[in-house]
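I opened my notebook to look up how the chains touch. The entries follow in the order in which I made them.

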Amino acid sequence: MTAEPAAPQTKPADTPPALAADHLWRRFRGVTAVADVSLRIPLGARFGIIGPNGAGKTTLFNLLSGELRPSSGRVALFGQDITGLRPYRRAALGLGRTFQITRVFGDLTVLENLTLALHGLNRSKLSLLRPWRRYPDAMAEAAELAASFGLAGRLGTRASELSHGEIRELEVLLALALKPRVLLLDEPAAGLSPAERVDILNLLRSLPAELTLIMIEHDIDLLRGAVDSAAVLHLGALVVEGTMREIQQDDRVRELYLGQAAPDPRPGGPGQEGAGT
Amino acid sequence: MTAGGPPASAGATTPARPGRPAGRLTRLTLVILEQSRRLTGPVAGVAAAVVLVLILQGNGFASTLVEDALVYAIAAMALDFMAGYAGMVSLAQAGFLGVGAYAVAIAENHFLSPWAAVGIALAVVLGAGLALGIVAVRTKGVSFVIITLALGQVLYGLAFQWTGLSEGDNGITVASLPAIGSFDLSNPLTLRMTVLAVFAVTALLLVLFTRSPFGLSLRGIRSNEQRLAALGYRTSLHRYLAWVIAVFFAGVAGILYVFVQGLITPTTMAFSANGFLVVMVVLGGLGSIWGPAIGALVIVLFQQEASTYVTRWQTLMGLTLIAVVLFSPGGFWGLVRAAGRRRDALITRLRGGPAGENGPATTAGQASGAGQAGGPLALETAHPGTEPRQTP
Amino acid sequence: MQEFIAQTLNGLTLAGVIFLVSSGFTLVFGIMRVTNLAHGAVYLLGGYIGYSVIQSTNNFFLGLAVAALAMGALGLGLERTLITWLRRSEMAELLATLGLIYVIDDVALAIWGGNPLTVNLPGFLGKSSTLPVSGIVYPNGRIFILGVSVVVAVALYYLLRRTRVGAIVRAGVDDREMVGALGVNVRLANTLVFTLGALLAGFAGVLGGTVLGLYTGGDSDMLLFALAVVIVGGLGSFEGAILGSLLIGLVVDYGTAYFAAFAYSVLFIPVIVVLLVKPQGLLGRQGV
């Protein structure tokens with residue numbers, strides 16, 4: 001007797017979303033950076049956060065990852081309230097993130113960068129007596145990680161001496177080393193050459209399906225290739241949320257981007273360069 | 001690792017200077033350089049150890065000098081662990097040295113045996129470190145320097161003003177030293193050898209710590225603390241632990257200090273003393289552990305030679321510090337590393353250019369790679385244990 | 001009761017001197033992110049120079065003026081050379097100022113020796129007056145210090161709040177990069193602030209030399225007070241310097257008078273409290 005397992009019905013009421021934001025507000029001395037943003041991002045989603053500069057995207061990320069406390073509102077990871085938790089605690093719960101500005105450990109080698117990441121969720125990070133080079137599992141995993149993104153030959157190079165694209169790759173590798181369940185990527189393609197953008201896109205595509213990906217990006221092409229749905233922010237508030245197609249056809253979004261390059265209205269067609277200022 | 005002669009790999013028979021065959025001189029130079037990369041560290045270490053032991057056997061000026069230097073070196077190396085690796089430059093290290101020294105002295109003043117005094121002093125230093133660390137670690141970077149400066153001054157103030165306990169400016173003399181059976185620290189030679197032993201153990205422990213995952217985490221903190229936190233590290237805890245370790249060893253140095261000198265006065269904890277330790281670390285080389293030991297020797301040498309040759313040695317020291325900060329922020333050890341890098345580059349060139357193989361694994365205590373300025377502190381350091389750079 | 005009032009006045013006097021020193025320190029940090037550890041040494045050196053001038057000319061005000069100007073010139077020279085060369089790194093600058101302390105201290109030791117000196121208050125200032133209301137007899141010199149500190153505080157406040165230069169300085173404290181981007185001559189503002197800070201420190205040195213004396217280690221003591229002020233009041237905050245100076249001056253004075261064994265430690269109490277509760281200082285900003 002073969003019992004066929006029923007196709008999993010992921011109704012929002014049944015399983016908690018991978019990441020949820022509930023009426024997040026963040027004010028700074030009179031300036032409202034994030035205004036009443038609510039999001040429910042399901043497991044395995046490929047979600048984008050877009051909007052003009054100053055729209056509050058990175059602030060929202062900081063609220064999600066714990067670098068900032070919200071003025072009000074809640075953040076939940078797989079149903080667990082993480083609003084009061086600091087970044088290192090969220091990392092232990094499976095939330096990873098990359099940064100747009102503060103990048104990798106520049107004066108440390110690629111191997112040292114990866115080693116730090118690999119010990120991050122282990123008690124071994126407080127170990128005092130055993131040299132870190134004598135952790136064969138970690139060393140092997142570091143080599144594997146590096147190799148998987150083509151950085152195998154760069155293990156001994158100081159991170160600051162890598163190319164832009166390689167630094168970006170290392171940044172993602174560091175986050176991946178923690179085996180996150182949800183990954184926040186802050187403008188992974190910013191400043192990259194067209195060739196490097198293709199590499200990053202392939203990298204993003206190669207990430208496991210169970211990993212929930214949330215990405216801030218300006219590059220519409222990259223978004224179209226890597227992301228299924230997105231939310232558009234403007235002045236800290238959510239303007240519209242939906243599939244990429246819905247967003248591109250939304251009037252409010254068009255208005256928003258007018259003056260900067262408008263999102264390409266033709267689905268699947270060659271797009272104009274996104275508002276990558 | 002190849003010994004003698006250029007490797008047989010393709011292209012290696014053509015040296016970097018086209019048109020000239022690889023002469024015997026080139027091969028000889030190559031051998032010498034490659035062997036030096038492996039051997040300089042251990043040889044220098046052994047030589048230094050032998051010299052130290054020999055000097056300490058004596059009874060004259062040199063042995064006193066080295067003894068004093070070793071005591072300060074313990075505190076300086078520990079300060080480097082905190083400052084050179086975690087970026088926590090403390091101007092209170094001499095304060096904790098004083099705490100250790102005064103604890104011994106006050107305990108003995110209250111008729112406790114020397115061993116009990118040592119035990120109490122260790123406990124007091126640890127307690128002070130744990131308690132004050134909670135406050136100190138709430139600040140970073142320049143603010144940390146400021147708060148530790150204030151802390152150091154307050155500790156000095158206690159020593160100076162709490163005359164009931166510390167006898168104020170007069171200080172406290174310590175007459176009885178620990179002894180077990182025939183092992184008696186009252187014997188100057190035994191004391192000197194003990195100081196050397198404690199120094200060696202401290203140095204080796206600290207070097208070990210820097211190579212551990214914890215040590216790496218400190219470098220990560222110095223490099224990009226926010227990023228490290230996002231990787232799951234509770235960075236404030238790491239900084240706190242680094243602080244406790246560093247001030248504990250300062251206290252150990254203080255205990256030795258009061259046995260060696262026989263006396264502790266507030267001057268040992270004055271601002272200038274705290275500054276000296278920082279100078280030792282910077283001159284010797286932030287982030288090298290061994291460098292500050294050399295820095296300690298140099299400063300102590302100047303201090304003791306002051307009356308005879310260079311009366312205005314503090315001016316000289318101040319100017320030297322400024323010069324080092326301006327021109328060679330990596331200090332003495334930074335120069336050593338730079339020489340090592342040049343040697344590596346020369347080896348690569350003599351081997352025939354970029355096709356040469358990777359550099360060998362780090363030799364004992366001396367890597368050819370150099371740490372570069374990083375993070376908001378942006379003061380160059382020289383970290384052991386870094387992989388040698390790969391030539392592209 | 002009279003004793004207590006006199007003690008309080010002493011505390012305020014001390015607060016005045018501390019304010020003169022710490023205001024310069026905090027403004028320099030605020031606009032330039034420079035931690036000038038040698039600020040205390042400048043104070044002491046100014047005091048010594050004033051002392052010598054007063055000894056030879058018996059003119060107190062001339063001593064004040066020379067000390068202030070000399071230290072202003074020193075500040076100007078330092079800012080144009082050392083500080084500018086090390087703009088790349090806060091820590092490097094701090095360490096360089098540490099080296100400077102040793103140089104200045106050693107030079108002062110060579111010239112004026114290690115014995116404590118006191119600056120004489122000639123003429124009217126050397127006497128005492130009976131204060132109204134309480135009937136306390138109080139030294140004129142201290143009243144003078146109090147008065148001068150208030151005048152300087154008001155003048156600085158006016159400078160910061162009402163003049164264009166002051167606006168630039170305040171904006172610079174708030175957001176250095178923005179001010180630079182606006183094309184304002186930030187370098188000039190930096191130089192002015194640094195010079196002014198040194199000038200005030202030198203000026204304070206002479207005043208401090210009358211009530212506290214000039215002695216080896218006097219620079220570290222004053223530096224400690226100034227640092228406590230900026231920790232409590234907030235690095236970069238002028239109003240914080242006023243508030244902090246009052247607090248620290250009174251605490252240190254009461255501490256010395258009533259808890260002699262713990263005079264310095266007492267001042268650590270407000271420091272610890274502030275650090276635990278509001279690490280950026282009472283009036284400081286986040287991320288300073």
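I began with the contact between chains A and B: 30 residues of chain B are in contact with 36 residues of chain A. The model is predicted; local features need pLDDT of at least 70, side-chain atom pairs count only at pLDDT 80 or more, and totals for chains, interfaces and linings use all residues. Residues are numbered from 1 along each chain as its sequence is written, while chains are lettered from A and ligands numbered from 1 in the order in which they are written.

On the side of chain B that touches chain A, α7 (188-211) and α8 (213-230) of chain B each supply at least two residues. Helices here are DSSP runs (H or I, at least four residues), numbered from the N terminus. I noted that α8(B) gives the most to this side, with 13 residues. By class, this side has 12 nonpolar, 12 polar and 6 charged residues. Ala, Val, Leu, Ile, Met, Phe, Trp, Tyr, Cys and Pro count as nonpolar, Asp, Glu, Lys and Arg as charged, and the others, Gly among them, as polar.

Next I looked up the contact of chains B and C, which takes 39 residues from chain B and 40 residues from chain C. On the side of chain C that touches chain B, α4(C) gives the most, with 16 residues. I recorded the residues of that side as 30 nonpolar, 6 polar and 4 charged.

Technical notes. Contact = placed C-beta atoms within 7 Å.
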